[in-house]
Amino acid sequence: MTFNTSIYKDRRRKPAIIDVEATGFDSLSFPIEVGVVTSNGERYSSLIKPYANWDCWGEEAEAVHGISQADLEKYGKPGNVVAQELNALLEHQTVYSDGWVVDKPWLIKLFDRARTPMNFWLSPLEMILTEPMMECWTEARSIVASTFDGKRHRASTDALFIQQTYDCAAELSGA
C-alpha cells in the first residue's frame, strides 16, 4: 500500500506533535532534547543544557538517543530559552505526545526549573485517535517506517514520524 498524505492537506489539520528525549527512563531523569512538528509542518528542535543539579545520567538512554553530556554542554541551550521558544511556537495550542506519561513530567521539570509557565497544553495522542485508527496503528507505523528518512530517537525526527503515522492511520481507517 502506498501512503499518500497529500489528500489530507485540505481535509484535515495535522496535530502538533512533541517528543522529549531524556537522561534516563526513570523519575530522576531530566529532559535533554525537545522536538516539535506543528500542524503546519514547522519543525523545532533543541538540545537542553543541563542545570547544575540535573546530574542523573543513564548510559542506557544515551545508547538509545546518542546524545552525550559533551553534546549538551557544547550545543545545548539554557532551559529558560528552550521554554520561551516552545511557548512562542505553541502558545494557546494543544500539542500531542505518544509518550505523555514520561514527556509531561519532563516538560514540567523543564518549565518549573526555568521558572516559566507553560503556555500550551500537552495531551496524550490517544485522545485524538479514533478506534479504527488505533486498530490500524501498528500497520500504519510499519508503512511509515518502511519509507521514513530520518534518524529515530531524536526528538524532532520522532515527532515527525509520529505525525506521519497519525496521517497514515487516518488514511487506512478512512477517517
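Start by selecting helix α7, residues 137–147, where W137, A140, I143 and V144 are buried (under 20% relative accessible area with a 1.4 Å probe, protein chains only; exposed means over 50%, partly exposed in between). Helices are DSSP runs of H or I with at least four residues, strands are E runs of at least two, and both are numbered from the N terminus. The four lie on the same side of α7, because they cover an arc of only 125 degrees around the axis, taken from the directions from the helix axis to the C-beta atoms.

Before going on, note that this is a predicted model: local features need pLDDT of at least 70, side-chain atom pairs count only at pLDDT 80 or more, and totals for chains, interfaces and linings use all residues. Residues are numbered from 1 along each chain as its sequence is written, and side-chain values use heavy atoms, leaving out hydrogens and water.

Now show α6 (131–135) and α8 (155–173), against which the buried residues of α7 pack (contact means heavy atoms within 4.5 Å). Turn to the face away from that buried side to find T138 and S146, both exposed.

Next, select α5, residues 100–113, which includes V101. Which residues of α5 are buried? They are D103, W106, L107, L110 and F111. These cover an arc of only 130 degrees around the axis, so they sit on the same side of α5.

V101 counts as exposed because its relative accessibility is 65%. Finish at R115, which follows α5 and has a positive phi, near 55 degrees.
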